[in-house]
Amino acid sequence: MEETYLLNVEGVKKKILHGGQGELPKLQDGSKITFHFQTLKDDFERTVIDDSREAGIPMEIIVGKMFKLEIWETLLSSMRAGEVAEFWCDAIHTGMYALVSRGMRRIAEGRDPLEGQKHRCGMGNMFDYHSTGYDDLDELQRTPQPLIFIMELFRVEEPSAYKRDTWAMSKEEKLAAVPVLHSEGNRLVLRKEFGQAAAKYQEAVICLRNLQAKEKPWEDGWLKLESLVTPLVLNYCQCQLELGEYYEVLEHTTELLQKHNDNAKAYFKRAKAHAAVWNEREAREDFLRVAHLDPSMAAAVKKELKQLGERMRKKHVEDRKRYQGLFQSSQGP
């Protein structure tokens with residue numbers, strides 16, 4: 001394998017491990033690049049830091065957007081579809097890798113890569129964090145060093161040829177996507193496809209939370225976005241109730257009520273989740289709050305309390321029988 005300097009870029013070396021086909025890609029802002037990558041330390045063991053294959057899906061980056069290294073565009077622009085290549089990059093190109101990897105790992109975990117970040121440049125955000133949340137990345141952040149990237153390029157798509165991921169959208173694109181996602185979620189609920197509906201509501205919430213991160217809390221812009229978030233969270237929680245994910249409902253309704261302690265629908269959904277996991281006292285308290293906050297829901301609350309009482313009585317009878325059986329077994333013949 002011939003080792004060459006890549007496009008006369010200082011501090012970069014390339015080895016072609018498997019040749020590709022076709023022309024070199026023409027990248028433009030908004031192009032989506034799909035590839036697998038492996039990141040290794042430049043040490044004797046070639047310690048693996050990240051491997052996209054472990055997540056089971058290829059990596060995707062959007063040219064001109066966040067959560068990638070600038071040097072990656074240069075590396076990938078030198079590759080043809082199907083090519084596998086190894087790149088050695090000096091520390092001048094890898095100093096931001098810890099922060100970038102943090103975002104990629106969050107995406108792979110199904111979390112929002114922007115969660116908790118301030119609206120600042122990448123380097124500013126790096127100094128805001130004492131820890132990335134990952135020990136190996138904290139080490140790289142403290143001591144930037146050369147890294148090895150092994151990449152396999154699958155395809156490059158033009159901006160108009162694919163659906164944009166919400167985290168890669170502009171502000172206008174996110175605002176436009178929210179009502180579409182909301183409508184798609186509602187349509188899926190009518191078809192009782194609650195898991196897919198929940199994913200649509202969650203995606204819409206992530207769009208709005210990303211926009212909220214750039215607003216001052218409790219000011220007009222933030223409040224306007226919050227008014228859009230609340231019904232989406234409630235719809236998401238209803239889907240989770242249908243799916244039996246009661247602790248998920250408890251978490252999200254409690255978080256919502258910490259900011260909006262007069263939301264009767266949030267109390268109602270939390271009460272149903274408490275009832276489902278046998279938290280009788282908490283369920284009764286929340287149901288009674290619902291009736292107090294919204295008298296129009298009194299009939300629904302009365303019905304739920306009656307069902308809760310019947311379920312609890314049945315559970316107590318079954319528990320007594322179970323404990324009695326255990327006691328008799330312990331006495332022996």
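Between which two helices is the loop that holds tryptophan 218 found? Tryptophan 218 sits in the loop between helix H8 (194-212) and helix H9 (220-243). Its phi is near 70°, a positive value in a residue other than glycine. At 47% relative accessibility, tryptophan 218 is partly exposed. Here buried means under 20% relative accessible area, exposed means over 50%, and partly exposed lies in between (1.4 Å probe, protein chains only). Helices (H or I, at least four residues) and strands (E, at least two) are DSSP runs, numbered from the N terminus.

The model is predicted; local features need pLDDT of at least 70, side-chain atom pairs count only at pLDDT 80 or more, and totals for chains, interfaces and linings use all residues. Residues are numbered from 1 along each chain as its sequence is written, and side-chain values use heavy atoms, with hydrogens and water left out.

The protein contains 13 helices and 7 strands. Of its 333 residues, 42% are buried. Contact means heavy atoms within 4.5 Å. Among contacts with a separation of 6 or more, 69% join residues 24 or more positions apart. The accessible surface comes to about 18,900 Å², and carbon and sulfur atoms account for 52% of this surface. Accessible areas come from the Shrake-Rupley method with a 1.4 Å probe; for residues, only the protein chains shown count as cover.

Arginine 46 belongs to the loop between strand S3 (32-41) and strand S4 (48-51). Its relative accessible area is 33%, so arginine 46 is partly exposed.

Lysine 26 is placed in the loop between strand S2 (12-18) and S3. With a relative accessible area of 73%, lysine 26 is exposed. Residues up to four places away in sequence aside, lysine 26 touches Ser31 and Glu158. Glutamate 158 is 132 residues away along the chain, yet the C-alpha atoms of the pair are separated by 9.2 Å.

Another pair involves helix H7 (residues 171-190), which holds valine 180. Valine 180 has a relative accessible area of 44% and is partly exposed. Valine 180 and alanine 204 are 24 residues apart along the chain, and their C-alpha atoms are separated by 8.7 Å.

Helix H6 (residues 135-142) has Leu137, Asp138, Leu140 and Gln141 buried. Seen down the axis of H6, these buried residues fall within an arc of 160°, so they line one face of the helix. The arc is that of the directions from the helix axis to the C-beta atoms. Asp135 and Arg142 are exposed on the other side of H6.

The structure holds 1 cavity of 30 Å³ or more. On a 1 Å grid over the protein atoms alone, a cavity is a set of points where a 1.4 Å probe fits but cannot get out; lining residues have an atom within 4 Å of a point. Grid points are joined across faces, edges and corners, and a volume is the space filled by probe spheres set on the points. The largest cavity has a volume of about 30 Å³. Its lining consists of Thr94, Gly95, Tyr97, Ala98, Leu140, Pro144, Gln145 and Leu147. By class, this lining has 5 nonpolar, 3 polar and no charged residues. Ala, Val, Leu, Ile, Met, Phe, Trp, Tyr, Cys and Pro count as nonpolar, Asp, Glu, Lys and Arg as charged, and the others, Gly among them, as polar. Leu140 is one of the buried residues of H6 and also lines the largest cavity.

Note on methods: On a 1 Å grid over the protein atoms alone, a cavity is a set of points where a 1.4 Å probe fits but cannot get out, and a pocket is an open set with protein on both sides within 12 Å along at least five of seven lines; lining residues have an atom within 4 Å of a point.
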